[in-house]
Amino acid sequence: EVELCPLDLDRPTVAGYYHGFSNRTLWPLLHGLVEQSLFERRWWPAYMSANERFAAAALDQVSRRGGALLWVHDYHLMLVPALLRRGTSDSPIGFFLHVPFPAPELFARLPWREQLVDGLLGADVIAFHTEEYRDNFARTCLRLRRDVTCERGRLRLPDGRTVVTAA
């Protein structure tokens, strides 16, 4: 059974979160179009705020209905897995990225790279379209997080959790 929950975002949040950070910063960068990415610092707070609102809405549903699989989709919501993880320990969390994940050297250009990687590492499973994209993510994690190890697509975190990556 699936329950959809609408979430209203005001125009300034949609402008900064969706049209700005998601589609003018992340989308080009994730596709390797670095020269087309815009790094507007004013968009980052809107992205964080929208992700917090989506996570809060999901956690509200889980608290009312009981445990559930929490499945998060795409680059618009890369902070949500960690926000969900902070709010629930018994619900499994999955994430699927519908676009490429670039090489670590490209992703490193993003000022908020660590926050996004930490957000994704809140998931139990992170899925990508191809092994190349999965490997790019794992290499990015190893580059940014010295306390993370990787063996056969499994990222071991310092808190003892293991995040499975899949293609």
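I'll take a helix pair, then a strand, then the cysteines.

Keep in mind that this is a predicted model.

Helices to begin. Helix α1 covers residues 11-30, and helix α2 covers residues 43-65. They pack at an angle of about 110°, with their axes 8 Å apart. So α1 and α2 are roughly perpendicular to each other. Who makes the contact? On the α1 side, look for Thr13, Gly16, Tyr17, Gly20, Phe21, Ser22, Arg24, Thr25 and Leu26. From α2 come Trp43, Trp44, Ala46, Tyr47, Ala50, Asn51 and Phe54. By class, the contact residues of α1 with α2 split into 9 nonpolar, 6 polar and 1 charged.

Now the strand. β1 is residues 70-73. Leu70 and Val72 lie on its covered face. Trp71 and His73 lie on the uncovered one. Its partner here is β2, residues 93-96. The two strands run parallel, joined by 4 bridges. Which residue of β2 does Trp71 stand opposite? That is Gly94.

Last, the cysteines. How many disulfides does the model have? The count is 0. Cys141 is in none, and the nearest cysteine sulfur, that of Cys150, is 8.1 Å away. Is Cys141 buried or exposed? Buried, with a relative accessible area of 0%. Cys150 is partly exposed, at 33% relative accessible area.

That's the tour. Over to you.

Key. Residues are numbered from 1 along each chain as its sequence is written. This is a predicted model: local features need pLDDT of at least 70, side-chain atom pairs count only at pLDDT 80 or more; totals for chains, interfaces and linings use all residues. Side-chain values use heavy atoms; hydrogens and water are left out. A disulfide is a pair of cysteine sulfur atoms within 2.5 Å. Buried means under 20% relative accessible area, exposed over 50%, partly exposed in between (1.4 Å probe, protein chains only). Axes are lines fitted to C-alpha atoms, for helices over the stretch in contact, and angles run from 0 to 180 degrees between N-to-C directions. Angles under 35 degrees count as roughly parallel, over 145 as roughly antiparallel, 65 to 115 as roughly perpendicular and the rest as oblique. Contact means heavy atoms within 4.5 Å. Ala, Val, Leu, Ile, Met, Phe, Trp, Tyr, Cys and Pro count as nonpolar, Asp, Glu, Lys and Arg as charged, and the others, Gly among them, as polar. Two strands pair if DSSP finds at least two bridges between them.
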